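This short report covers a metal site and some backbone features. Keep the structure in view while reading.

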Amino acid sequence: MRKIISLFLLSILFYSCDSLFKVFQEEDLLERPPAKRCADCHRDIYNQWKESRHSLSWISEGYKKATQNYKKTKCFSCHIPYEIKIEEKPHWRKKHREDGINCVSCHFKDETKSMHGPYDVFSPPHPSTEDKTYKTSKICLGCHQETYKQWLVSKSEKQCQDCHMPAKKGSLIQKFPFEYLHFPKDVHNHSFPTGIAKDNDFLIKVEKNQTSIKVYITNTGIPHNIPTADNGKPKLYLIAVFYKDGKEIYRDFEMFFPKKSLAYNREYISEFISVEPFDKVKIILERKLSWEKKREKILEKEF
Ligand code: HEC
Ligand code: HEC
Ligand code: HEC
Ligand code: HEC
Ligand code: HEC
């Protein structure tokens with residue numbers, strides 16, 4: 001008898017807790033709302049995402065042009081994904097396209113009807129599921145397939161997120177009362193910064209002859225090709241400037257692009273021939289990201 005009563009009481013308790021949480025549950029969050037809706041609580045993450053290339057993947061001028069004004073449906077899957085997959089590219093969605101790659105496409109799973117993420121959280125407004133793949137490069141694989149393959153052969157211990165979603169301690173929430181109910185956590189930068197290579201990411205040796213040079217260049221710092229792309233057209237320029245008595249006498253360059261790029265830890269040899277004998281040569285590396293109009297300088301060294 002006692003057992004039955006306590007079971008009864010327990011179930012009442014459970015039932016009331018459940019309805020207590022239901023008060024906080026916001027059903028529309030489970031219907032793949034636009035990113036702006038998530039900003040009601042995750043304001044800081046939303047603001048970062050808004051600055052990311054992911055938020056522009058549909059409305060970017062480059063994409064609009066390359067798809068002939070959205071005529072090529074085969075180009076939709078990674079640019080307006082419905083729900084990301086690990087091994088294959090996602091299906092494309094019909095709603096909220098202007099959002100590009102939005103919050104729910106990366107986080108919401110139909111299978112569990114919940115937000116998947118790196119943590120085990122208590123999140124009354126919507127159910128959440130802890131999913132450790134969010135901490136690994138695999139989560140990027142479905143769309144960044146070429147880059148992922150290059151990363152895999154580099155055998156790097158660093159995941160894509162370590163460099164492209166650097167973490168800072170903070171709150172996941174900027175809304176009363178939730179912001180006071182949760183401990184600070186690592187918040188990963190949702191602007192997905194591309195970053196830029198540093199001087200010491202390259203090993204450069206120059207062999208000088210009377211009127212020519214051989215440049216030996218190795219990407220020793222970035223665990224994927226430079227430049228790398230699945231569809232974009234980023235470029236890297238290796239420029240040689242020859243000097244005689246302090247005056248520039250000649251310059252030439254070699255261009256790298258995704259199909260001919262600097263793989264991790266593999267030496268590449270480039271030869272340049274000057275118009276006349278020289279006494280100094282400057283090696284410059286510049287890059288142009290696929291969506292940028294201008295080039296940026298990565299490094300400059302004299303030999
Ligand atoms: C749903 C497909 C998809 C997933 C998943 C995805 N990306 Fe992307 N990513 C894209 C697309 C498409 C672009 C290009 C958007 C544009 O510029 O129009 C992009 C752009 C980027 C850029 C900017 C590249 C540049 O040219 O400056 C970085 C960095 C990046 N993604 C990193 C990541 C990382 C890290 C992950 C995993 C945590 C990830 N992405 C997951 C599709 C995806
Ligand atoms: C009414 C507030 C509210 C709204 C709106 C909201 N969330 Fe959350 N979310 C929470 C709370 C609370 C947590 C837990 C925070 C913590 O533990 O620090 C959370 C956690 C998360 C997590 C982490 C899950 C994990 O297991 O790591 C993800 C991902 C997430 N939300 C995605 C979203 C997305 C996507 C949207 C928009 C569709 C959204 N949330 C809208 C309140 C909200
Ligand atoms: C391209 C996929 C992608 C998009 C788009 C995306 N996220 Fe995330 N999000 C991730 C990944 C990957 C992690 C886990 C990073 C880690 O732990 O290394 C994450 C982590 C989180 C977390 C847990 C806290 C943290 O930073 O680790 C929350 C909350 C979250 N995202 C909410 C959002 C919201 C809200 C949006 C839209 C404004 C959004 N995400 C857009 C991939 C994405
Ligand atoms: C050790 C840090 C590091 C790791 C790990 C890393 N990247 Fe990068 N990535 C960079 C840097 C730095 C650049 C900028 C290179 C440059 O100067 O143009 C870059 C550039 C990119 C670009 C822009 C393409 C280009 O060449 O302009 C994309 C897309 C990208 N990374 C995706 C990824 C993905 C996906 C992963 C995981 C599979 C990953 N990265 C792992 C550091 C890293
Ligand atoms: C397998 C996933 C995938 C598919 C399918 C895809 N893209 Fe992309 N796209 C990406 C990723 C990832 C990037 C980010 C940089 C990179 O790796 O090229 C990108 C970047 C771009 C960019 C450069 C960024 C910008 O906004 O200017 C353009 C243009 C582009 N894609 C056009 C297309 C076109 C055209 C198609 C169809 C022929 C297409 N994409 C299909 C994944 C994809």
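In which loop does Arg 32 lie? Arg 32 sits in the loop between helix H1 (2-24) and helix H2 (35-38). The model is a predicted one.

## Positive phi

Most residues other than glycine have a negative phi. Arg 32 is not a glycine, yet its phi is positive, about 50 degrees. Arg 32 counts as buried because its relative accessible area is 9%, under the 20% cut-off.

Asn 265 also has a positive phi, about 60 degrees, and is not a glycine. Asn 265 is placed in the loop between strand S9 (247-256) and strand S10 (267-273).

## Iron site

Two histidines are the protein donors of the iron atom of ligand 3: His 107 and His 190, each through NE2. They lie 2.0 to 2.1 Å from the iron. His 107 belongs to helix H5 (residues 103-107). His 190 is in the loop between strand S5 (185-188) and strand S6 (202-208). The two are 83 residues apart, so the pair links distant parts of the chain.

Ideal angles for six octahedral donors are 90 or 180 degrees.

His 107 is partly exposed, with a relative accessible area of 24%. His 190 is buried, at 15%.

## Cis peptide bonds

Most peptide bonds are trans. A cis bond joins Phe 176 and Pro 177, with omega about 0 degrees. Pro 177 is in the loop between strand S4 (167-170) and helix H9 (178-181).

Ile 226 and Pro 227 are also joined by a cis bond, with omega about -10 degrees. Pro 227 lies in the loop between strand S7 (212-219) and strand S8 (235-244).

Methods:
Residues numbered from 1 in each chain as written. Chains lettered and ligands numbered in written order. Predicted model: local features only at pLDDT ≥ 70, side-chain atom pairs only at ≥ 80, totals over all residues. Heavy atoms only, no water. Donors = N, O, S within 2.8 Å, 3.2 Å for Na, K, Ca; no water. Helix = DSSP H or I, 4+ residues; strand = E, 2+ residues; numbered from the N terminus. Buried < 20%, exposed > 50% of the residue type's maximum accessible area, 1.4 Å probe, protein only.
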